[in-house]
Amino acid sequence: MDLLTQIAGSVFSLGSVAAMLGASLLGVLIGALPGLNPVMAIALLLPLTYSMEPLIALGMVAGIYNGSMYGGAIPAILMRIPGTPAAIATTFDGFPMTQRGEAARALKIACWSSAIGGTASALALMTMGPLLARATLHFGPAEYFWIAMFGMASIGVLVGDDALKGLMAAVLGLLLGTVGLDNLSGIPRFTFGEPWLLGGLDLVVILVGLYALPPVIALAEQADLKGLSAAALKLGRARLGWAEIKGLIPTWLRSSFIGIGVGILPGAGGNIAAFLSYSAAKSASPDPDSFGKGNPQGVAAAECGNNADNAASMIPALALGIPGNVVAALVLGALLIHGLQPGPQLFHQNPALVGGFMAQMLITSLLILLVGGAAATRVFAQVQRLPGVLMVPMILVLMAVGVYVINGRVVDLWVMFAAGLAGYLLEKLAFPLAPVVLGLILGPMAEQSVRRALLISRGDATELLTRPISAVIAVATLGLILWPILRAWQRRRQGATAV
């Protein structure tokens with residue numbers, strides 16, 4: 001009871017409430033601007049959290065995340081341009097509804113669906129996260145090593161269409177994670193005599209460069225000098241009656257379960273949850289041919305599914321230190337900034353902080369109903385009139401200022417731009433960026449854990465596989481790596497037989 005009182009006092013403090021409300025509004029605005037996304041916004045936010053209380057910083061992350069996932073539906077419905085990648089499926093029926101003059105109704109359905117999916121996801125995080133963390137109390141260095149390896153292998157294989165490219169990107173992150181002083185021996189590695197590299201590459205600088213700069217370059221390439229016309233943004237009023245809500249409940253329940261399941265899988269993401277939810281709704285519909293022509297069930301399924309992924313992706317991130325998606329990886333970065341180590345010990349060493357963050361994910365999901373109401377949606381829809389080229393210099397200035405204030409070093413700006421250019425080239429070559437971040441975060445954890453395990457066993461490497469839990473995780477990791485290789489070999493063999 002004392003813990004619940006402490007959590008409630010922290011979450012409902014003036015600073016936390018202001019952070020959640022302001023960040024939710026900002027998140028909807030970011031999602032409504034094509035070219036911007038929650039990953040970029042949170043990456044830009046991280047440098048500013050150094051001077052904040054951890055719970056206020058996490059409240060802002062939660063607000064931006066949940067708000068932007070709904071905000072992405074606004075241009076998807078009005079312009080058939082997804083504000084976020086997860087809103088692609090929303091365009092299928094949202095834009096046809098706009099063409100029929102039902103834009104306000106589509107936005108209302110998207111608002112309710114986003115809030116319901118996010119709420120279900122937050123409840124799953126609050127129930128499943130502590131249970132998973134409690135189970136991992138029996139883990140030792142060997143288990144942590146295999147967890148880190150499983151996390152890197154899973155996101156390297158599951159993110160992107162090419163498993164080999166995903167694994168190569170993870171290896172790049174591993175290499176970046178080796179820069180700096182060795183934590184166990186104190187020997188400098190890959191510092192090239194530069195004192196600023198002794199502490200390693202700053203995680204936040206790399207994150208800002210990788211995730212904030214490539215979309216800005218893409219936005220500049222589009223050279224958008226015109227926005228949507230004022231006449232196209234005239235929205236009427238819409239109300240959801242009980243009969244329509246009752247008809248949407250099965251879709252909301254189905255999509256919530258799908259989104260939560262996808263969120264727990266490392267590397268899957270809200271776009272996959274949205275497509276699976278949309279496909280399930282179409283299969284369950286008595287009139288599947290109406291999907292893609294303005295069926296409200298399609299909007300509800302897509303928006304509920306992609307928001308149900310949000311908090312669920314935090315379950316493996318907080319309990320195991322393995323983020324379910326890129327935003328979860330950024331949340332791990334926010335925790336590390338404040339000296340908090342993600343993993344099972346986080347629940348025992350900082351229960352009020354973890355409980356508060358889970359409550360913030362729930363509250364910001366419900367805030368979508370407030371900030372995404374009819375009046376707010378009309379206001380945020382007007383940002384579609386803003387030319388994209390005006391956003392480029394504004395974002396670049398925010399990036400430069402945010403990165404410089406971290407350490408007060410000009411060299412960090414060069415590192416940021418180098419990481420951004422590398423991220424841009426990797427995306428052009430169809431390399432996923434998430435494995436790079438995972439390698440950078442989980443690589444040091446894997447290295448330290450395996451070396452500790454070998455020190456405990458006095459150099460006996462079989463100790464890594466003799467414990468039952470570590471053996472199970474090792475087999476799962478090996479299977480995860482071999483599965484796409486076996487599938488590619490099978491496809492090649494079938495192709496040769498057909499010829």
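Which residue just after helix 15 takes a positive phi? This tour reaches that residue in its second stop.

The model is predicted: local features need pLDDT of at least 70, side-chain atom pairs count only at pLDDT 80 or more, and totals for chains, interfaces and linings use all residues. Residues are numbered from 1 along each chain as its sequence is written, and side-chain values use heavy atoms, with hydrogens and water left out.

**First stop: helix 15.** Select residues 326-337, which form helix 15; helices are DSSP runs of H or I with at least four residues, numbered from the N terminus. Its twelve residues reach 17 Å from first C-alpha to last, close to the expected 16 Å (1.5 Å times one less than the number of residues). Ten of the twelve are buried, so helix 15 is largely enclosed by the rest of the structure. Buried means under 20% relative accessible area, exposed over 50%, and partly exposed in between (1.4 Å probe, protein chains only). Among the buried residues are Val327, Leu330, Gly333 and Ile337.

**Second stop: Gly339.** Just after helix 15, select Gly339, whose phi is positive at about 75 degrees.

Move to helix 11, residues 242-264, where Trp242 is found. Trp242 is exposed, with a relative accessible area of 59%.

Select Cys111, which is buried at 3% relative accessibility, and then Cys304, buried at 0%. The structure holds zero disulfides (pairs of cysteine sulfur atoms within 2.5 Å).

Notes:
Helices (H or I, at least four residues) and strands (E, at least two) are DSSP runs, numbered from the N terminus.
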